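Hi everyone, thanks for making time for this. I'd like to walk you through one model, feature by feature, so please have it open in your viewer.

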Amino acid sequence: MKSLEFAAAVKECRRLYGTMAASTSPVWIREYAKTGADFVFIDTEHIPIDRAELAYMCVGCEAAGTAPLVRVPSYEPLEICKALDAGACGIMAPYTETVEQVISLIKAVKYRPLKGKALEDALFNKEGLTKETAAFIEGKNRDKALFLNIESVEAVNNLPQLLDFDEVDGVIIGPHDLSVNMGIPEQWGSPVYDDMIKRIIDITRGAGKSVGNHYSFGLEQEIKWAQCGMNIFLHSTDINAFVGHIKAELDAAKKALGDAGAATGDTIAI
């Protein structure tokens, strides 16, 4: 799926399937498309990816037909500009909680390349733009989706206000930070956690926006949330999938051969 098609599908709240790219190896780029994923999530908040690596990943994924969605490390316009210049089809920033943060994202993602006073004027008076400028900005940014990363109870409480902007296309839940903020760290089976996810789904879909949850802890639960209205199916991570699959097969081999000592390790969680 190319970026323009991805952005259109997000606006239409169509179901989309994706996974997270934790490895920066160029060998992986052509492999993502083989999974059937519509998009790849690239996280520059937690993973050490430099500007050149990000460009290779975004351009490569787009060329292979898997749209690249990037989480930037902050609301700093320069960081967002770097990701968009690299070829990101969509942007989100961590821990979105306030209307001010949302406006900052809208400015950088949806009004590019306007800056300074011209940007401030355009944000609150679109009619003040010339027809040529308005058409240019719309055309330049029509393949860019804007997501809010919801990772706290405060964000959920504020969600109706955060979604009250036409330029916001959807929500991606950060399950790990959300569970910690709720006081139930990594208690994925908790009914309280499940209710919170469903609340986010209801609010977001009620606002006519797309919603997803980067989850790696149970496919059955992901499917249930999708059946409740979650349309962005963001599943697992390349490295997690590799570790899980290889570990399961090596454990089976060790058991069959009478050898003890299975390896253990943490998964990547956002």
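Let's begin in helix α2, residues 26-32, where Trp-28 and Tyr-32 sit 4 residues apart, about one turn of the helix. When I say helix or strand, I mean DSSP runs numbered from the N terminus: H or I of at least four residues for helices, E of at least two for strands. This is a predicted model, in which local features need pLDDT of at least 70, side-chain atom pairs count only at pLDDT 80 or more, and totals for chains, interfaces and linings use all residues. Residues are numbered from 1 along each chain as its sequence is written, and side-chain values use heavy atoms, with hydrogens and water left out.

The structure holds 10 aromatic pairs. Trp-28 and Tyr-32 form a stacked one, at 6.2 Å centre to centre with 20° between the planes. Here rings of Phe, Tyr and Trp (its six-membered ring) pair if their centres lie within 6.5 Å; planes under 30 degrees apart count as stacked, over 60 as edge-to-face and the rest as tilted.

Helix α2 also turns up at the second largest pocket, where β1 (16-21), α2, β8 and α12 (238-257) each supply at least two lining residues. That pocket has a volume of about 280 Å³. Of its 17 lining residues, the closest to the centre are Gly-18, Thr-19, Thr-35, Ala-37 and His-235. By class, the lining divides into 8 nonpolar, 7 polar and 2 charged. Nonpolar is Ala, Val, Leu, Ile, Met, Phe, Trp, Tyr, Cys and Pro; charged is Asp, Glu, Lys and Arg; the others, Gly among them, are polar.

A quick word on method. We use a 1 Å grid over the protein atoms alone: a cavity is a set of points where a 1.4 Å probe fits but cannot get out, a pocket is an open set with protein on both sides within 12 Å along at least five of seven lines, and lining residues have an atom within 4 Å of a point. Grid points are joined across faces, edges and corners, and a volume is the space filled by probe spheres set on the points.

So what is the volume of the largest pocket? About 390 Å³. Its lining has 4 nonpolar, 1 polar and 7 charged residues, including Lys-11, Lys-110, Asp-166 and Glu-167. Helix α7 (residues 131-141) gives the largest share of that lining, 4 residues.

With 3 residues, β8 gives the most to the lining; α11 (219-227) and β8 (232-237) each supply at least two.

Now, some helix packing. The axes of α3 (residues 51-64) and α4 (residues 77-86) come within 8 Å and cross at roughly 40°. α3 and α4 are therefore oblique to each other. The contact residues divide into 6 nonpolar, no polar and 3 charged.

Last, the backbone. Most residues other than glycine have a negative phi, and most peptide bonds are trans. Tyr-95, in the loop between β4 (90-92) and α5, has a positive phi near 55°. A cis peptide bond joins Arg-112 and Pro-113, with omega about 10°. Pro-113 lies in the loop between α5 (99-110) and α6 (116-124).

Technical notes: Axes are lines fitted to C-alpha atoms, for helices over the stretch in contact, and angles run from 0 to 180 degrees between N-to-C directions. Angles under 35 degrees count as roughly parallel, over 145 as roughly antiparallel, 65 to 115 as roughly perpendicular and the rest as oblique.
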